[in-house]
Amino acid sequence: MLTSKRTAILLAVVFAVYAVLLGWRGVLLVGTGDPVAAGLGIAVLVIPVLGAYLVWRELQFGRRTEELARELAASGWLPVDDLPRRPSGRIDRAAADAAFGKYRAEAEAAPEDWRVWFRLSTAYDAAGDRRRARAAMRTAIAHHDRG
């Protein structure tokens, strides 16, 4: 079974191959001498550059999240994953919503503490709100970097 880290690395390698092939097509288009093809080639060359930046950013986000998790685990602040699960393995939504209030109150009480933002991120994730989970994790990373 693939872990999240292995999956991310595999996807980054697949993207790198794709970017090289796409970049090569862009170079070939620029080299034709036709102004329209050259313009298209330049546009095609932008896609792998933008994609590489986005992949790099996501890998950095994952790396920083792991660092914070290790630090929290070492200090005993890492939240315990003890929420009940459905037969499918997913966390029971009602239980996640009930536990969420505790973590939200912690973040409201200590808004500059990166640890409470990390814990709030895990609560958002358990409740199924990935967008807010990622935003809370970015806040945790920012507070950790400042502190």
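Colleague: At what angle do helix 1 and helix 2 pack, and how far apart are their axes?

Modeller: This is a predicted model, in which local features need pLDDT of at least 70 and side-chain atom pairs count only at pLDDT 80 or more, while totals for chains, interfaces and linings use all residues. Residues are numbered from 1 along each chain as its sequence is written, and side-chain values use heavy atoms, with hydrogens and water left out. Helices are DSSP runs of H or I with at least four residues, numbered from the N terminus, and axes are lines fitted to C-alpha atoms over the stretch in contact, with angles from 0 to 180 degrees between N-to-C directions. On that basis, helix 1 and helix 2 pack at an angle of about 165°, with their axes 8 Å apart.

Colleague: How is helix 1 oriented relative to helix 2, roughly parallel or roughly antiparallel?

Modeller: Helix 1 passes helix 2 in a left-handed crossing, a term used if the near helix is turned anticlockwise from the far one by less than a right angle. Angles under 35 degrees count as roughly parallel, over 145 as roughly antiparallel, 65 to 115 as roughly perpendicular and the rest as oblique. The angle between these two helices is about 165°, which makes helix 1, relative to helix 2, roughly antiparallel.

Colleague: And how are helix 2 and helix 5 placed to each other?

Modeller: The axes of helix 2 and helix 5, the latter spanning residues 130-146, come within 10 Å and cross at roughly 70°. The crossing of this pair is again described as left-handed. Helix 2 and helix 5 are therefore, to each other, roughly perpendicular.

Colleague: Which helix gives the largest share of the nonpolar patch?

Modeller: Patches are made of residues with over 30% relative accessible area and no salt bridge, like charges being joined within 9 Å and nonpolar side chains (Val, Leu, Ile, Met, Phe, Trp, Tyr) within 5 Å. The surface patch here includes W24, L28, V46 and W56, and its residues together have about 1,000 Å² of accessible area, computed by the Shrake-Rupley method with a 1.4 Å probe. Helix 1 (4-30) and helix 2 (35-75) each supply at least two of its residues. The largest share, seven residues, comes from helix 2.

Colleague: Is L28 buried, partly exposed or exposed?

Modeller: L28 is found in helix 1 and belongs to the nonpolar patch. Buried means under 20% relative accessible area and exposed over 50%, with partly exposed in between (1.4 Å probe, protein chains only). L28 has a relative accessible area of 39%, so it is partly exposed.

Colleague: Which residue forms a salt bridge with E66?

Modeller: A salt bridge is a side-chain nitrogen of Lys or Arg within 4 Å of a carboxyl oxygen of Asp or Glu, and by this rule the count comes to eleven. For E66 the closest N and O atoms of the pair are 3.4 Å apart, and the partner is K5. The pair links distant parts of the chain, 61 residues apart, with E66 in helix 2 and its partner in helix 1, namely K5.

Colleague: How far apart in space are R85 and V46?

Modeller: R85 lies in the loop between helix 2 and helix 3 (93-109), where R85 forms a salt bridge with D81. V46, by contrast, is one of the residues of the nonpolar patch. R85 and V46 are 39 residues apart in sequence, and their C-alpha to C-alpha distance in space is 44 Å.
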